[in-house]
Amino acid sequence: MPVRWDNLSAPPDEGVPGRAAPATPPLPLALPGAVARTFDTPGFAGMTFYEVQAKSIINRVPGTSRVPFEWTINPYRGCSHACVYCISGDTPILMADGRTKPISELEPGDRIYGTERRGAYRRYVVTTVLDKWSTVKRAYRVTLEDGTTLAASGDHRFLSDRGWKYVTGAMNGGGRRPYLTTNNRLIGTGRFATPPKHSADYRRGYLCGMVRGDAHLGAHSYAHGTVHQFRLALVNGEALDRTQRFLTDAGVETERFSFAPASATRRAVTAVRTSEQRDIEAITELIRWPDAPGDDWRLGFLAGIFDAEGSCSRGIFRISNSDDRILEETGAAMNHFGFTWVLKDPGLPNQVRQIRLTGGLPERLRFFHLTDPAITRKRSIEGAALKCQAALRVVSIEDLGLELPLWDITTGTGDFIANGVVSHNCFARNTHTYLDLDAGADFDRKVIVKVNAGELVRRELAAPRWRGAHLAMGTNVDCYQRAEGRYRLMPPILEALRDFANPFSILTKGTLILRDLPLLRQAAEVTRVGLSYSVGFVDEALWRAVEPGTPSPRRRLDAVRQLTDAGFEVGVLMAPILPGLSDDDESIEATVSAIAAAGAASVTPLALHLRPGAREWYAHWLAREFPQLVPRYRQLYRAGAYAPQAYQRELTARVRIAARRHGLHRGERGDNRRLPEPPPAPAEQLTLL
């Protein structure tokens, strides 16, 4: 079932001192009457808190989850820690200009591709985004033959070779509906390629293709001297703008002028030019053929030569030229990226020849996304028929056993193209009649606060059906996030657990837990209390980059020391360990040493794992901040959310060796603390949410 707020209602506005009046942000329609609060303090700038009265608080974990606990308490939904690996919304959507954009960045009014039936065929058409929202729902992973993975709710529909089908369904009964099976093949172009970075090599490659393909460059000797000239005249302003910008980046300034005015039969032509000798020499050097072209240069060259000499109409992709070297370099670059092509040669000397890309629409889109030509008109697929050409057979459908933030949009056609697959609007309405809070991009900005959490815990612990099972806190969102300093939901929860002698554990990154130390000690006198901290690394710069809203690792370790001194055995989850960023020997040694010095009872290493949704966002962040690590992550996580077992075992072994070196492992502490050791760490990194 999707996570809805049907079991929530708004509390009375009691005018709590220190809180602002109900905020101006509009309430989500799924939270009728909730009290929205904003605070003036810098720490909560840009955040909205929705105060609600929950009807239940103790939640059962799905039996399919890979965690060692069955029951949880979550007084908050949403988190102010803003860890980079908790946010989703990067599923690429095919835009009307032929490029892609993450679904979380779409806005009403954006033009994208959808589909509609025209005659005997369903065809790609440009449509408009009418609405956008995010929900938190039970998630399923659909894996396709070409390696594409799609995270969606069971109610989502994809277009298959047998019509629209839900992700899940049943053959009979109340859940009867058409649903996906491994015999189905989805309709679309296949997963979208990652666009290139406009690096220095890409820019040089683009200029080489554009200038050699369509510009005039040279020096002419006359009686009065030598005249140097560069001129590029184009009908299309997008390619001219990019060329001029790339030249400026290289230190070459050009003059823009009208080359030919528009007429009844042709469009206006605009040009850029320079006659400075130093500029001509610089351009000549920029477009020099490289001895060993790299990937970025090849991608830029293909984009430039396509903008200069390419066309794509009626499903035929052509790059035309008569220069042997240009055709040779174009073919070599296409071979390098795995494209198949044919050469149309008239067989006459000095005649224009054509390189034609084969493979249909999937390969054309792959070329456009991989190389990113500037001219969007040439990238249009408007009117192209949908065909089942790509390897989109459904390989598996997995219940992730988790509720994840899932985005959706409403479009004019009722569908859109999500990572190369035709996707139906889950709930195609033009108003937010089913609007849950945005737990993707807004997960760290809009927080649900269950203001009656304490009284609910007491009531549910007193219920005859409750058998005193262990309760885990902090496994979904941190119960000691910054908002707890204002709302103080944990003290009454701990008081209830103490009074009913109910065992519990807390996993946190927050130092606010020290405020409740007296209550924790009282509870430990009558029941089993487990305390764990999450400290993945001690590097301050890395902490600011990936966990900006959390206390620093040093402050967390200071809290570990204070809890240890108070008589608790505190376990530390060394999580997440980030490949290439915090998994080297120096980082592991520094982190384990600091954990041991803080007096922790144990350390449990956990490598970063990337669920669908979080995976896409983290990949986007990594490409922006540490692009050199992208190939390594592709290798490590090519099979799914988890790093290979061999990597995890090797990582665990290195942490254990460091732990032994610092006397930090179970059974060797030699003390007799009154509290039993905390429950084992979760098998997967739920703490990151």
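Guide: Thr-182 is partly exposed, its relative accessible area being 41%. This threonine sits in the loop that runs between strand β13 (163–166) and helix α1. The model is a predicted one, and each value below is computed from it. If residues up to four places away in sequence are not counted, Thr-182 touches Arg-393, Val-394, Val-395 and Ser-396. The C-alpha atoms of Thr-182 and Ile-397 lie 7.9 Å apart in space, although 215 residues separate the two in sequence.

This pairing may be set beside the figures for the protein as a whole. Among contacts between residues at least 6 apart in sequence, 72% join residues at least 24 apart. The protein has 689 residues, of which 53% count as buried. Its secondary structure comprises 16 helices and 30 strands.

Helix α1 (residues 200–214) packs with helix α4, their axes 6 Å apart and at an angle of about 30°. Because angles under 35 degrees count as roughly parallel, α1 is described as roughly parallel to α4. The handedness of the crossing between α1 and α4 is right-handed. On the α1 side, the contact is made by Asp-201, Tyr-202, Arg-204, Gly-205, Tyr-206, Cys-208, Gly-209, Met-210, Gly-213 and Asp-214. On the α4 side, the contributors are Asp-296, Trp-297, Leu-299, Gly-300, Phe-301, Ala-303, Gly-304, Ile-305, Asp-307, Ala-308 and Glu-309. Sorted by class, the residues in the contact of α1 with α4 are ten nonpolar, five polar and six charged.

One of the α1 residues in this contact, Gly-213, can be followed in more detail. Gly-213 belongs to helix α1. With a relative accessible area of 11%, Gly-213 is buried, because the cut-off for that class is under 20%. Leaving aside neighbours within four places in sequence, Gly-213 is in contact with Cys-208, Ile-305, Ala-308, Glu-309 and Asn-321. The C-alpha atoms of Gly-213 and Ala-308 are separated by 5.4 Å, while the two residues stand 95 apart along the chain.

Cys-208, a contact of Gly-213, is itself buried, with a relative accessible area of 0%. Another cysteine, Cys-479, is also buried, at 1% relative accessible area. As for disulfides, a search of the whole structure finds zero.

Helix α4 also has a contact with helix α6. The axes of α4 (residues 295–309) and α6 (residues 360–371) come within 9 Å and cross at roughly 115°. Since angles of 65 to 115 count as roughly perpendicular, α4 is classed as roughly perpendicular to α6. Here the crossing is left-handed. From α4, Leu-299, Leu-302, Ala-303 and Phe-306 meet Phe-367, Phe-368, Leu-370 and Thr-371 from α6. By class, the contact of α4 with α6 has seven nonpolar residues, one polar residue and no charged residues. Leu-299 and Ala-303 take part in the contact with α6, and both are also listed in the contact with α1.

Most residues other than glycine have a negative phi, and most peptide bonds are trans. Against that background, Arg-488 has a positive phi, near 50°. Arg-488 is placed in the loop between α8 (484–487) and α9 (490–499), and at 46% relative accessibility this arginine counts as partly exposed. Ala-501 likewise has a phi near 50°, a positive value in a residue other than glycine. Its place is the loop between α9 and β27 (504–508), where Ala-501 counts as partly exposed at 35% relative accessibility. Finally, a cis peptide bond, with omega about -5°, joins Ala-575 and Pro-576. Pro-576 is located in strand β29 (residues 570–577).

Terms used
Residues numbered from 1 in each chain as written. Predicted model: local features only at pLDDT ≥ 70, side-chain atom pairs only at ≥ 80, totals over all residues. Heavy atoms only, no water. Disulfide = S-S within 2.5 Å. Buried < 20%, exposed > 50% of the residue type's maximum accessible area, 1.4 Å probe, protein only. Axes fitted to C-alpha atoms, helices over the stretch in contact; angles between N-to-C directions. Helix = DSSP H or I, 4+ residues; strand = E, 2+ residues; numbered from the N terminus. Parallel < 35°, antiparallel > 145°, perpendicular 65-115°, else oblique. Left-handed = near helix turned anticlockwise from the far one by under 90°. Contact = heavy atoms within 4.5 Å. Nonpolar A, V, L, I, M, F, W, Y, C, P; charged D, E, K, R; others polar.
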